[in-house]
Amino acid sequence: LANGVSVGSLSHTTTNFSGGVDGVTGSWARENVGNFSRTNIVTGQTYTKYPSRTDCSSTSCTYAEEMTNFANWFAYYRTRMHMAKTAIGRAFVGLSNDFRIGFKTINFSTSRYLAVADFSPTAGGQKEQWYTKLYATQPGSGTPLRTALARAGRYYGNQDPGGNMGASPITMACQPNFTILTTDGYWNDSD
């Protein structure tokens with residue numbers, strides 16, 4: 001697709017990045033983040049196969065394998081939100097209807113809420129609805145962590161948390177319940 005090659009009715013033009021600067025200068029130091037080393041993926045070259053890579057079929061990675069690796073990164077990990085959705089989705093994929101699971105975002109609205117129910121894998125069931133909510137989630141403008149956790153606690157305690165969340169999901173005494181909260185920042189509630 002280089003140099004503006006057209007594929008069907010879709011036209012692509014690629015531009016190579018050049019240069020680049022270290023965004024951290026002066027007395028600042030990166031800690032526990034590794035080093036950035038730019039690699040241009042070019043047709044006809046092979047690439048280092050690091051020990052943790054399992055996607056390359058030989059002792060080095062081909063152009064096609066490296067492009068697939070980049071496409072996967074771009075589709076699933078290029079932003080914190082993409083990475084979080086991918087990681088959460090992969091963590092929940094093996095759960096069956098032995099689990100009762102719900103969904104709500106920290107910036108609550110009924111459109112971003114799914115009441116706790118059996119994680120049924122049937123078409124249109126809880127699992128499908130849950131994944132639809134997860135992958136449709138967009139980042140909000142604030143990080144009201146305390147408010148979100150308080151709402152979850154009121155939901156478990158059957159104390160109307162507001163927002164038409166319904167009755168508590170607790171069905172029996174001594175039932176373990178968990179809230180998993182994922183965020184990329186510090187709370188910034190007003191209270």
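The entries below go from the overall fold to single residues.

**Ground rules.** I am working with a predicted model, where local features need pLDDT of at least 70, side-chain atom pairs count only at pLDDT 80 or more, and totals for chains, interfaces and linings use all residues. Residues are numbered from 1 along each chain as its sequence is written, and side-chain values use heavy atoms, with hydrogens and water left out.

**Overall fold.** I started with secondary structure, taking helices (H or I, at least four residues) and strands (E, at least two) as DSSP runs numbered from the N terminus. The chain has four helices and six strands. Along the sequence I read the pattern β-β-β-β-α-α-β-β-α-α.

Next I looked at burial. I call a residue buried under 20% relative accessible area, exposed over 50%, and partly exposed in between (1.4 Å probe, protein chains only). Of the 191 residues, 21% count as buried. The areas come from the Shrake-Rupley method with a 1.4 Å probe, and for residues only the protein chains shown count as cover. The chain exposes about 14100 Å², with carbon and sulfur atoms supplying 55% of it.

For contacts I used heavy atoms within 4.5 Å. Among contacts between residues at least 6 apart in sequence, 43% join residues at least 24 apart.

**Core.** Which residues make up the largest nonpolar core? I define such a core as a set of buried Ala, Val, Leu, Ile, Met, Phe, Trp, Tyr and Cys residues joined through side-chain atoms within 4.5 Å. I found eight residues: Phe92, Ile101, Phe103, Leu114, Phe119, Trp130, Tyr131 and Leu134. As a general reminder to myself, nonpolar side chains tend to be buried together in soluble globular proteins.

Beyond four places in sequence, Leu114 touches Gly102, Phe103, Gln126, Gln129, Trp130 and Lys133.

**Salt bridges.** How many salt bridges are there? My rule is a side-chain nitrogen of Lys or Arg within 4 Å of a carboxyl oxygen of Asp or Glu. The count comes to three.

Arg53 pairs with Asp55, their closest N and O atoms being 2.8 Å apart. Arg53 also meets Glu66, at 3.3 Å from N to O. Arg53 sits in the loop between strand E3 (47-48) and strand E4 (60-61) and Glu66 in helix H1 (residues 63-76), so this pair ties together parts that are 13 residues apart in sequence. Arg53 is buried at 15% relative accessible area and Glu66 is buried at 12%, whereas Asp55 is partly exposed at 36%.

The remaining entry is Arg100 with Asp118, at 3.7 Å from N to O. Arg100 lies in strand E5 and Asp118 in strand E6 (residues 113-118), so the pair links parts that are 18 residues apart in sequence. Arg100 is partly exposed at 35%, and Asp118 is partly exposed at 41%. Shared partners join Arg53, Asp55 and Glu66 into one network.

**Helix H2 and its lysine.** H2 covers residues 80-92. With 13 residues, H2 reaches 18 Å from its first C-alpha to its last, close to the 18 Å expected at 1.5 Å a residue (that is, 1.5 Å times one less than the number of residues). Its buried residues are Ala84, Lys85, Thr86, Gly89 and Phe92, and their cover includes H1, E5 and H3.

Is Lys85 buried or exposed? Lys85 is buried, at 13% relative accessible area. I checked where its side chain goes, and it reaches the backbone oxygen of Thr137 at 2.7 Å. That falls under my polar contact rule: a pair of N or O atoms within 3.5 Å, where within protein one must be able to donate a hydrogen and the other to accept it, and residues adjacent in sequence count only if both atoms are side-chain atoms. Apart from residues up to four places away, Lys85 touches Leu134, Tyr135, Ala136, Thr137 and Gln138.

**Gly142.** Last stop: Gly142 is in the loop between H3 and helix H4 (145-156). Its C-alpha is 7.5 Å from that of Asn107, 35 residues apart along the chain. Setting aside neighbours within four places, Gly142 contacts Ile106, Asn107 and Asn188.
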